[in-house]
Amino acid sequence: AVMFCVQRVGDVINLYTGLWLVPKWVPPAELGALLPLGQIGGMLGLPLAILLTPFTKFLNTFGARSETGKVKALLCDALVLASVSAVAIAAYTWYSAPFVFERLRISGTALIWLLCGIAVTSAFMPILNNGLQALKLFRCLSLVGLASAPVRLLFLLTLLPLSGLLGFFSAQFLFNVATLG
């Protein structure tokens, strides 16, 4: 019940963000690039997410058996695998992004690195969430859920007026880093 209420509060904040805040500060010419660029970030992290799927299944299995040592060891292994693949994601992003940006009529190398960072941090989040569930740290999980939407809103309110599209993705990256922290 607590998680349901927390998620609905987050939905209201995200509704405000998507309907009023982002269109106010992102120029109309760049507004159409938000969804494709967001999906590119998801696609970049997809191979890593596929590799990490068995880890999440075993995390839940070990957590149900109260084998916390195995949960912690598996989390460490998953984080090492994700760190190694982050280098591959960064290399591929650096190589392929200019072709995509040319077609979307967007420039800027900072945006390339932000998308790469979003892809990597987005792949880490399900692992850590499943780790919290496996270790039965539900209060921590609820606290993260409760704080996530207001923290994202705070980052957006701070960074969107400064640089529009770059501010949006900077806020998303900082939000992912804060959530992981």
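# Briefing on a predicted helical model

Phe-168 touches Val-22, Leu-34, Arg-152, Leu-156 and Leu-160, leaving out residues up to four places away in sequence. The model is a predicted one, and the protein chain has an average pLDDT of 83, with 99% of the residues scoring at least 70. The points below cover confidence, the nonpolar cores, the packing of helices, and selected residues in helices and loops.

**Confidence by element**

- Among the elements of the protein chain, the highest mean pLDDT, 88, belongs to α6.
- The lowest mean pLDDT among these elements, 78, is that of helix α2, which covers residues 28-31.

**Nonpolar cores**

- The largest nonpolar core has 24 residues. Those touching the most other members are Leu-37, Leu-111, Leu-160, Leu-165, Phe-168 and Phe-169.
- Two or more residues of this core are given by each of α1, α3 (34-64), α4 (68-104), α5 (109-134) and α6.
- Helix α6 supplies the largest share of this core, namely 9 residues.
- Another core, of 21 residues, lies apart from the largest one. Its members include Leu-48, Phe-62, Ala-123 and Ile-127.

**Packing of α1 with α6**

- Helix α1 (residues 2-25) packs with helix α6 (residues 138-180) at an angle of about 5°, and their axes are 9 Å apart.
- The two helices are therefore roughly parallel, since angles under 35 degrees are classed in this way.
- The residues of this contact comprise 18 nonpolar, 6 polar and 1 charged.

**Packing of α5 with α6**

- Helices α5 and α6 pack at an angle of about 175°, with 12 Å between their axes.
- This angle makes α5 roughly antiparallel to α6, because the class applies to angles over 145 degrees.
- In the contact of α5 with α6, the residues divide into 18 nonpolar, 9 polar and no charged.

- Thr-17 is found in helix α1. Its relative accessible area is 3%, so Thr-17 is buried, the cut-off being under 20%.
- With its neighbours within four places in sequence left aside, Thr-17 is in contact with Val-22, Pro-23, Arg-152, Leu-153 and Leu-156.
- Val-22, Arg-152 and Leu-156 are also among the residues that Phe-168 touches.

**Residues along α6**

- Phe-138 is found in helix α6 and is partly exposed, with a relative accessible area of 48%. Phe-138 and Leu-51 are 87 residues apart in sequence, and their C-alpha atoms are 25 Å apart in space.
- Leu-143 belongs to helix α6. Leu-143 has a relative accessible area of 55% and is therefore exposed, as the class begins over 50%. From Leu-143 to Leu-52, the C-alpha to C-alpha distance is 24 Å, and the two are 91 residues apart in sequence.
- Ser-163 has its place in helix α6 and is partly exposed, at a relative accessible area of 36%. The C-alpha atoms of Ser-163 and Gln-133 are 37 Å apart in space, whereas the two residues are 30 apart in sequence.
- Leu-180 has its place in helix α6. With a relative accessibility of 25%, Leu-180 counts as partly exposed.
- Leu-180 touches Thr-121, Phe-124, Met-125 and Leu-128, not counting residues up to four places away in sequence. A separation of 20 Å lies between the C-alpha atoms of Leu-180 and Val-9, which are 171 residues apart along the chain.

**Loop residues with positive phi**

- Ser-66 is found in the loop between α3 and α4. Its phi is near 60°, a positive value in a residue other than glycine.
- Ser-66 counts as exposed, with 53% relative accessibility.
- Lys-136 lies in the loop between α5 and α6. Although Lys-136 is not a glycine, its phi is positive, at about 60°.
- Lys-136 counts as partly exposed, with 46% relative accessibility.

Definitions and conventions
Residues numbered from 1 in each chain as written. Predicted model: local features only at pLDDT ≥ 70, side-chain atom pairs only at ≥ 80, totals over all residues. Heavy atoms only, no water. Axes fitted to C-alpha atoms, helices over the stretch in contact; angles between N-to-C directions. Helix = DSSP H or I, 4+ residues; strand = E, 2+ residues; numbered from the N terminus. Parallel < 35°, antiparallel > 145°, perpendicular 65-115°, else oblique. Nonpolar A, V, L, I, M, F, W, Y, C, P; charged D, E, K, R; others polar. pLDDT = per-residue confidence, 0-100. Core = buried A, V, L, I, M, F, W, Y, C linked by side-chain atoms within 4.5 Å. Buried < 20%, exposed > 50% of the residue type's maximum accessible area, 1.4 Å probe, protein only. Contact = heavy atoms within 4.5 Å.
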